[in-house]
Amino acid sequence: MAESKYAEAALEPSLPIIDAHHHLWPDDRYQRKDLIGDITAGHNVVGTVFIDCGASYKAEGPAEFAPVGETEWAMTQRDGRGLIAGIVSHVDMYLGSQAGPVIDAHRDAGGEVFKGVRHNVAWDRHPDTNNALRGAPQYALLDPTFQAAVAELERRGLVFETWVYFNQLDDIAALAARFPNLSIVLNHLGGPAVNGPYAGHRAEMLDEWRGGMRRVASHENVSLKIGGIGYRSFVEESVLDGPRTSEWLADYWRPEIRFCVETFGPRRCMFESNYPEDRHLCDYVVLWNTFKRVSSELSRGERAELFELTARRVYSL
């Protein structure tokens with residue numbers, strides 16, 4: 001019998017899961033076959049949501065329409081088992097009100113599978129904090145031009161999502177107040193950074209993070225993705241010494257994950273794999289085992305929200 005490449009067997013293998021956040025590329029970074037191998041490795045993954053990652057952009061035509069190529073390509077990667085049940089692509093929100101035609105082009109390409117737009121705005125004054133690759137400036141979410149594009153999403157009933165660092169959480173709260181009818185999805189635990197200048201200061205960072213997360217959670221139109229637990233900005237260097245078991249990772253992340261669930265409520269939280277970005281820390285089976293261990297004391301209904309139902313509701317899957 002061939003040895004499994006996965007370090008653990010899946011816990012609670014019948015529990016339905018929607019992986020609310022993963023990426024794919026047409027090259028060998030992480031292809032459809034890799035994702036299928038992971039989601040069929042033991043956990044009951046009944047659906048996934050593809051999130052923008054700069055894959056298969058159009059090489060010709062107006063630059064603002066280049067990201068539509070990603071939606072077109074992602075549609076070719078779907079199957080009948082729930083693989084890529086939803087697509088969240090990129091639109092340059094600095095197009096302002098002119099973002100509307102680009103959003104519509106995504107909808108034409110993806111139909112009902114296209115669920116919304118992500119524009120990352122993670123920014124920190126320290127350049128070694130691993131700022132978002134698109135070079136977002138400080139206070140991007142408060143920029144009137146950026147907000148004009150957000151209004152185009154709200155008008156169409158689509159989702160806006162992004163990721164920020166912990167010290168930008170008040171900008172998320174301000175955006176949520178400005179657009180109360182917009183569904184906003186905050187990625188990756190609200191960005192609890194521990195690299196760069198925050199290395200060695202996790203406790204102080206988490207104090208500020210908790211305050212910001214409470215203020216964001218006061219806005220009912222914001223949902224939270226619980227994941228990114230292996231993202232290099234969010235874990236101390238010693239954690240990456242691995243390999244780490246799901247039991248170890250659950251002990252490490254339990255206080256922060258349980259705080260998020262208690263603060264936002266299970267109906268506004270969803271687990272995400274953030275694969276393949278988190279695979280340097282643990283394999284796909286171990287990652288979902290970690291979430292299952294962390295949530296083991298919650299009720300059956302609460303866990304159904306976290307693993308499946310919140311994602312279904314937010315993305316209208």
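Tyrosine 231 is buried, with a relative accessible area of 16%; buried means under 20% relative accessible area, exposed over 50%, and partly exposed in between (1.4 Å probe, protein chains only). The model is predicted, so local features need pLDDT of at least 70 and side-chain atom pairs count only at pLDDT 80 or more, while totals for chains, interfaces and linings use all residues. Residues are numbered from 1 along each chain as its sequence is written, and side-chain values use heavy atoms, with hydrogens and water left out.

**Aromatic pairs**

The structure holds 19 aromatic pairs. Rings of Phe, Tyr and Trp (its six-membered ring) pair if their centres lie within 6.5 Å; planes under 30 degrees apart count as stacked, over 60 as edge-to-face and the rest as tilted. Two of the pairs are set out below.

| Pair | Distance between centres | Angle between planes | Class |
|---|---|---|---|
| Tryptophan 163 and tyrosine 231 | 5.5 Å | 70° | edge-to-face |
| Tryptophan 288 and phenylalanine 307 | 6.2 Å | 45° | tilted |

The pair of tryptophan 163 and tyrosine 231 links parts of the chain 68 residues apart. Tryptophan 163 lies in the loop between strand S5 (159–162) and helix H5 (169–178), and tyrosine 231 in the loop between strand S7 (222–226) and helix H7 (246–264). Helices (H or I, at least four residues) and strands (E, at least two) are DSSP runs, numbered from the N terminus. Tryptophan 163 counts as buried because its relative accessibility is 6%.

Tryptophan 288 in helix H8 (residues 284–294) and phenylalanine 307 in helix H9 (residues 300–315) are 19 residues apart. Both of these residues, tryptophan 288 and phenylalanine 307, are buried. They also belong to a cluster in which ring pairs link Tyr30, Phe271, Tyr275, Tyr284, Trp288, Phe291 and Phe307.

**Helix H8**

Ten of the eleven residues of H8 are buried, so this helix is largely enclosed by the rest of the structure. Among the buried residues are Tyr284, Trp288 and Phe291. At the start of H8, a side-chain oxygen of aspartate 283 comes within 3.0 Å of the backbone nitrogen of valine 285.

**Polar contacts of aspartate 79**

Aspartate 79 is placed in the loop between helix H2 (68–76) and strand S3 (86–89). Its side chain and that of arginine 81 are joined by a polar contact of 2.8 Å. Such a contact is a pair of N or O atoms within 3.5 Å; within protein, one must be able to donate a hydrogen and the other to accept it, and residues adjacent in sequence count only if both atoms are side-chain atoms. The side chain of aspartate 79 also reaches the backbone nitrogen of leucine 83 at 3.2 Å.
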